[in-house]
Amino acid sequence: MKLELFNGGIIMKASSLLLAGLMLSFLSACAQMNPVGSVRNNEIHNTHRIAVDHSNHDALAQHYENIAKEMQAKLKEQKKLLQEYEDHSYYYGRKGQDLKSHTSANIRYYKNSLKENLKEASIHRKMAEEQKEHHYTDLTQTSTIPAQ
């Protein structure tokens with residue numbers, strides 16, 4: 001009788017370990033490989049980093065201006081959403097406060113991103129003018145950014 005209990009305990013431990021191992025392998029197979037936080041922060045910059053010549057400041061300025069235009073469009077959309085949430089808060093119930101808060105955070109993010117990209121575009125415009133004044137670049141070679 002002691003032998004049966006001992007064998008039953010071993011079988012229970014083995015099956016528990018097997019089940020835990022299977023669960024661990026299943027969870028690791030479903031896990032994301034990229035950290036979630038970096039996806040949003042680098043979303044715009046990584047998609048536009050397609051072979052831009054860093055010595056061509058005109059192209060870089062245009063690149064940052066294009067990103068700023070995208071941020072402006074997204075900012076406008078978020079402002080419309082916020083206005084909708086404020087005008088018709090009774091449609092959204094308790095979730096309305098969360099939606100307003102999230103939209104306000106998005107608006108702040110897009111405003112900051114817009115300001116940073118316009119600042120970078122301005123810097124590269126100035127650098128391009130300096131290059132043209134001092135003839136640092138060969139004007140026959142132009143680098144363009146592929147259209148989105």
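Before I start: helix axes are lines fitted to C-alpha atoms over the stretch in contact, and angles run from 0 to 180 degrees between N-to-C directions.

This is a predicted model, where local features need pLDDT of at least 70 and side-chain atom pairs pLDDT 80 or more, while totals for chains, interfaces and linings use all residues. Residues are numbered from 1 along each chain, and side-chain values use heavy atoms, with hydrogens and water left out.

Entry one, the helix pair. I looked up H3 (residues 57–87) and H5 (residues 95–134); helices here are DSSP runs of H or I, at least four residues, numbered from the N terminus. Their axes lie 8 Å apart at an angle of about 160 degrees. H3 and H5 are therefore roughly antiparallel (the label for angles over 145 degrees).

Entry two, lengths. The expected span is 1.5 Å times one less than the number of residues. H5, with 40 residues, reaches 59 Å, close to the expected 58 Å.

Entry three, salt bridges (a side-chain nitrogen of Lys or Arg within 4 Å of a carboxyl oxygen of Asp or Glu). My search of the whole structure turned up 3. One of them joins Asp58 and Arg125 at 3.5 Å, N to O. Asp58 sits in H3 and Arg125 in H5, 67 residues apart.

Last entry, the end of H5. What follows H5? I found His135 there, with a positive phi near 55 degrees.

Definitions and conventions
Helix = DSSP H or I, 4+ residues; strand = E, 2+ residues; numbered from the N terminus. Parallel < 35°, antiparallel > 145°, perpendicular 65-115°, else oblique.
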